[in-house]
Every structure is written in C-alpha cells, then in structure tokens.
Amino acid sequence: MAVGGAGALVAAAVLLPQANASQTDSPEPAPKALSPAAASELASQLASRLGSAFGGAYYDADKQQITVNVVGNDNNVIVQAEKAGAAVRSVRNSISTLRSGAQTLKQRAGVPGTAWAVDPRTNQILVTADRTVTGEKWDTLESTVRSLGEGVARIQKSAGEFKTFVEGGDAIFGGGARCSLGFNVTTAEGSPGFLTAGHCGVAASQWSDAQGGAPIGTVQAATFPGDGDFALVTYDDPATQAASAVDTGDGQLVEIRQAAEAAVGQQVFRMGSTTGLRDGTVTGLDATVNYPEGTVTGLIQTDVCAEPGDSGGSLFTEDGSAIGLTSGGSGDCTFGGETFFQPVTTALAAVGAQIGTGA
C-alpha cells in the first residue's frame, strides 16, 4: 500500500504540470455573435470597465462581432474584453485622447464647413472640410490637425457644402419650411408627440401634415445649435393615436420597438419625405458639425444620403430600433456625401419622452 501510494503521488506530480500547461495554452475565447444593439451595449460596458485603456469600438456587420480597441499591453485588460465577447485590437490612441483632440479642434478650428467625428476603425479623428473651406480657413484647419500629433487625426475633403436639410417618415410643414417627422413618442405627462430636427423646431412653433394645412402639433422644446439638433412636438389633439412605426412607402411599415445607441459599422436605414428610403453605414460617433447657423455636437456620422426636406427624418435599423434624426450634411442622393444624425437616445433623455412598443 505504501508503494502504491508513492506511485500515485508521482503520477499526480507528472499530471498536474501537464494540466496547468493545457489551461495556459487554451485558445482565446471566440468573439460572440451580437446584434447591433447588443454590440452597442457591450461597447458601453467595456468603455466603463477598461477606463483609460479603451480606444473605441466598431461593429462588423458580416461577422456580427464587436471589435474593441485597447491601448497598452495589459493582459488582464485584454482577457477581460475577450471574455466579455469582443474581438480585441491593439491601438495607439485612447478614446480620451481622441476626445481631447476633438475639443482642440472645436476651440481652434471651428469654422463653418468643417466637421469631425471619432472613427474607431482607424483609431483617429476623421476631419471633413467642405468646398467652402479654403485659404486661411484651410491653413488653420490643417495646422490644428498637425498640432494634435502624428496619427491622431486626418483630413478629407467633401465636394459638397455642409447644411441643414430644412425644406424628409412623413412630411411636416411649418412657417414656410418643410421637414420630416422622425418618431412618434409619449411625453413624460403621457401625451402623444413626435421628435424631429431641432433646426425645424426653431424655424416654426406649429407644424401641419399638409402644406398650408391646419396645425396638428406645437413645439414644446427645441435644441439647435449647441448640444444637439432635436425638437419635441406634441399633438394638439390629445386623443391622437400615434403609432410607433416608420412609413417606408408603398404601404410598408417598420415597427419601432425601442431606441438604441449607434455603432460604427452598423447598417442603418433613413426615411425622409424628399428622398424616401435610403440605407448606408454608421461611420463615426460623437461628431461635431460647424453649420453656417452654428456648431452642433454629439451627432452620428453616416454615408447615408439626404437632401433638403429630409431634416428630422428617422434613422433606424431593420429590427426596429430608433437610432437618429436627420440633421444635415453635404452632397445629395445623386452624388452621395456625408450625413449627420441626432442620436434618439440623447433626445429622449433631454425631453423626458419614451419611444417604442416594448415588444
């Protein structure tokens, strides 16, 4: 029995290191397949957990994966992100560095015709200058970008001109302007209402659903320019049944179930009364746009086209998540361009309204 016990101890001494080696060399957890909404939620959680090591995140629609940028080589941070279900990429710039750079741009180069947004796919600030940015304005923009340091920001030129799309859902009319209804909502008091662009809300206090028609809604709050581009309009008839859906034409409706954050790389759809249903991809977050009327911050940047009259129109996903409200941009639906959207989640929080069926 003594010999047998010694043999068992030797066997354990041999097997234990082998078992430990197997655990150490185990493959990294595979990234989880996630919906865009789940990916955005995971990105927000990891941004909080990883702190200064977080360098942004973006969504791969084909793989249904979220990639998280990580600064530094702290293995604990990498393991934490991988265990949460993200793919991990090592980068140079933290999200705080990029946001600091964006603040510098606002202070030194906030001239009309410029815009910038954080692009996590390149781990840089993408700065866009429209065709009006020339001469001293261009020199100022270029020197400011250089001052941020190598690899922090890059400039691209736009053939169009940044403007709001006042004149895009269903058409609404007010004060000689035409805009688009974004999403129906319920106010904190339980009244029916809808969201549209803030620059529409400051253009007229009452809106109708037909040109020259009687008003159907009154603006209760509007922000533009500044910390967003959104307005809350309440229906004048409190008995109005405001469906939580987007009319995409030809009798087709997309039921809106909830509001959600945007994710870079996510496929989105835009509905506007001028150009109808269009689709594209989210290309940047926390965008700043310097319109002729003033600077607007906190927007979503996309490659979805839009034209005058589409302002306030809905940006949403195929599965029924409300993402944004059309603000403005450059170009048109013939040649393309950049278009910016007010995040719906921010607008809802600001006006105290709710959206969606909750299904």
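Visitor: Why is Asp286 called partly exposed?

Guide: Asp286 has a relative accessibility of 40%. Buried means under 20% relative accessible area and exposed over 50%, with partly exposed in between (1.4 Å probe, protein chains only), so Asp286 counts as partly exposed. This is a predicted model, in which local features need pLDDT of at least 70, side-chain atom pairs count only at pLDDT 80 or more, and totals for chains, interfaces and linings use all residues. Residues are numbered from 1 along each chain as its sequence is written, and side-chain values use heavy atoms, without hydrogens and water.

Visitor: Where is Asp286, and what is its phi?

Guide: Asp286 is in strand β19, residues 276-291; a strand is a DSSP run of E of at least two residues, and a helix one of H or I of at least four, numbered from the N terminus. Its phi is near 55°, a positive value in a residue other than glycine. Most residues other than glycine have a negative phi.

Visitor: What makes Gln64 partly exposed?

Guide: Its relative accessible area is 40%. Gln64 sits in the loop between β1 (54-60) and β2 (65-71), and has a positive phi of about 55°.

Visitor: How do you know whether α2 and α3 are roughly parallel or roughly antiparallel?

Guide: Helix α2 (residues 36-50) packs against helix α3 (residues 75-84) at about 160°. Angles under 35 degrees count as roughly parallel, over 145 as roughly antiparallel, 65 to 115 as roughly perpendicular and the rest as oblique, so α2 is roughly antiparallel to α3.

Key: Axes are lines fitted to C-alpha atoms, for helices over the stretch in contact, and angles run from 0 to 180 degrees between N-to-C directions.
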